[in-house]
Amino acid sequence: MTALFLGYFAYHAFHGEYGIAGRALVESRASHLRTQLDRLKTERRDMEKRVALLSGPAIDRDLLDIRAREALNYVSPNDLVILRPRAE
C-alpha cells in the first residue's frame, strides 16, 4: 500500500500540473507573457507621446495636420498624390 502511495506522489511530482514538466511549461508561458507585456508597454508609451503632442498648450502642428488630413481625407492642391490599389 505504501509503495502505491509513493508511486502516486512520485508520478505527480514529475508529470503533474505543478510538477517538474509543468513548471517548465509555466515558465515558458510566463516568458512569452513578459515579452508581450514589454511590447505593449512600448506601444502604450508611443501612443501617450503622440497624444501629448496633440494636446496641451503646445500642439505639434505638423502632426495635427497629418491626423486631420487622414481623418477628413483631405489633400492640398499643392500635394502630389500617388494612388495605389488596396491590398486584400
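The legends below accompany views of a predicted model of one protein chain.

**View 1. Overall course of the protein chain in the predicted model.** The chain holds three helices and zero strands, and its elements, followed from the N terminus on, run α-α-α. Because its radius of gyration is 28 Å, well over the 12 Å that the globule rule gives for 88 residues, the chain is more spread out than a compact globule. Taken along the principal axes, the box filled by the C-alpha atoms is roughly 90 × 40 × 15 Å.

**View 2. Surface and burial across the protein chain.** Of the 88 residues in the chain, 6% are buried. The accessible surface of the chain comes to about 8,700 Å², and carbon and sulfur atoms account for 61% of that area.

**View 3. A nonpolar patch on the surface, with Leu4 among its members.** The patch is formed by Met1, Leu4, Phe5, Tyr8 and Phe9, which together have about 660 Å² of accessible area. Leucine 4 is found in helix H1, which covers residues 2-15. With a relative accessible area of 64%, leucine 4 counts as exposed, because that class takes in residues over 50%.

**View 4. Charged side chains of the protein chain.** The chain carries 14 positive and 12 negative side chains.

Conventions: Residues numbered from 1 in each chain as written. Predicted model: local features only at pLDDT ≥ 70, side-chain atom pairs only at ≥ 80, totals over all residues. Heavy atoms only, no water. Patch = residues over 30% accessible without salt bridge, like charges linked within 9 Å, V, L, I, M, F, W, Y side chains within 5 Å. Areas by Shrake-Rupley, 256 points an atom, 1.4 Å probe, with all protein chains shown as cover. Salt bridge = Lys/Arg side-chain N within 4 Å of Asp/Glu carboxyl O. Helix = DSSP H or I, 4+ residues; strand = E, 2+ residues; numbered from the N terminus. Buried < 20%, exposed > 50% of the residue type's maximum accessible area, 1.4 Å probe, protein only. Rg over C-alpha atoms; globule rule 2.2 N^0.38 Å. Lys, Arg positive; Asp, Glu negative; His and termini not counted. Charge placed at Lys NZ, Arg CZ, Asp CG, Glu CD.
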